[in-house]
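Have a look at the picture first, and then we'll go through it piece by piece.

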Amino acid sequence: MASRAQHRGKDSGSPFDLKVYLEERTADVNEALDRFLPSATHKPATLHRAMRYSLFAGGKRMRPALCMAAAEACGGGGEACLPAACAVECVHTYSLIHDDLPAMDNDDFRRGKLTNHKVFGEGIAVLAGDALLTQAFEILTTCPVSKRYGAQTLVLELARASGSLQLIAGQVADLEAEGKALSTKELRYIHERKTSALLCCSVRLGGMSANCTPVQLEALSRFGFNVGLAFQVIDDILDVTQTSELLGKTAGKDVAAQKATYPAIVGLEKSRKIARQLTEKAYAALAVFDGRATALEALARYLLERDR
Ligand code: GRG
């Protein structure tokens, strides 16, 4: 099956339209996720319904989009990058389901809908998260491999980003920091792991799916790392400036939980400045792509300027 990414966009000669780009890539990812996941009626049906409930609840699909845009910047894209794009979205969705549990952030709303445990109960929500994490690795094994990047390299990439030194380390530090005054250095440690690690992994896996050169991989790492940090700073800002309706999740939770955030530590204006500076660093990393990273650049701008 040819992806929409191959039908339109990068070679069409028309000016780049991020809205159309995101619609097309999201449609491709949604179709692929639907193919990769067991059907909602497959036994145990409750579990598969719960996995699909959160996965198709209307997330922004930023990690898959970044993954696909990175592949395209390296001359790849299309079907070849879809397994990596779907794998990172499964890990991301698992982390949100677990993050929303009463034992963690205890949230009732996510992606504009009731959280997984509110609909299916805590036990099934834990298991749906576990199953999505495992599913991510199964999906990743269908990624075409190249001389430079074998299956082991791809699996290691995702395992490291989601493991106890990155994503989960960030969540642990976040939990342990509640109610404490943090320095910006300590807050950055959390943001690097909780958010930046998976965004960085998304673009790296996209590059690997396109057999990128070591120089391109290094550039994607710098881009992903900085965009990831900017993403979390903006997320902190939106938590205090936007409504729950617009965000699709409970706004103002960071303040209520006395969480250390950039706005709480340095104020809103300085936080906006930091997000802009991080985005500038991300743009600078794209120089090696010689104008072929239009989608990555547009995504970085969109993430900086987003209102939800
Ligand atoms: C292992 C029990 C256990 C839990 C793990 C790792 C973890 C739980 C949670 C960390 C995940 C987390 C909430 C990170 C913050 C990153 C972030 C800003 C998420 C929101 O991303 P968006 O805005 O969400 O892209 P959508 O819904 O649009 O996909």
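How many residues surround the ligand, and which are the closest? There are 18 of them, and the closest are Lys60, Arg63, His92, Asp99 and Arg111; a residue is near the ligand if one of its heavy atoms lies within 4 Å of it. Before we go on, keep in mind that this is a predicted model, where local features need pLDDT of at least 70, side-chain atom pairs count only at pLDDT 80 or more, and totals for chains, interfaces and linings use all residues. Residues are numbered from 1 along each chain as its sequence is written, and side-chain values use heavy atoms, with hydrogens and water left out.

Now zoom in on the ligand's oxygen atoms. A polar side-chain atom of Lys60 sits 2.5 Å from a ligand oxygen, one of His92 sits 2.7 Å from a ligand oxygen, and one of Arg63 sits 2.8 Å from a ligand oxygen. The protein covers 88% of the 740 Å² of accessible area that the ligand has on its own (Shrake-Rupley method, 1.4 Å probe).

Where does the shell come from? Helices H5 (82–99), H9 (167–177), H10 (184–209) and H11 (214–241) each supply at least two residues, with the largest share, six residues, coming from H5. Helices here are DSSP runs (H or I) of at least four residues, numbered from the N terminus.

Finally, check out helix H4, residues 62–73. In H4, 12 of its 12 residues are buried (under 20% relative accessible area, 1.4 Å probe, protein chains only), including Arg63 and Glu72. Just after H4, Gly75 takes a positive phi of about 90°.

Terms used: Polar contact = N/O pair within 3.5 Å; in protein donor to acceptor, adjacent residues only side chain to side chain. Expected span 1.5 Å × (residues − 1). Buried < 20%, exposed > 50% of the residue type's maximum accessible area, 1.4 Å probe, protein only.
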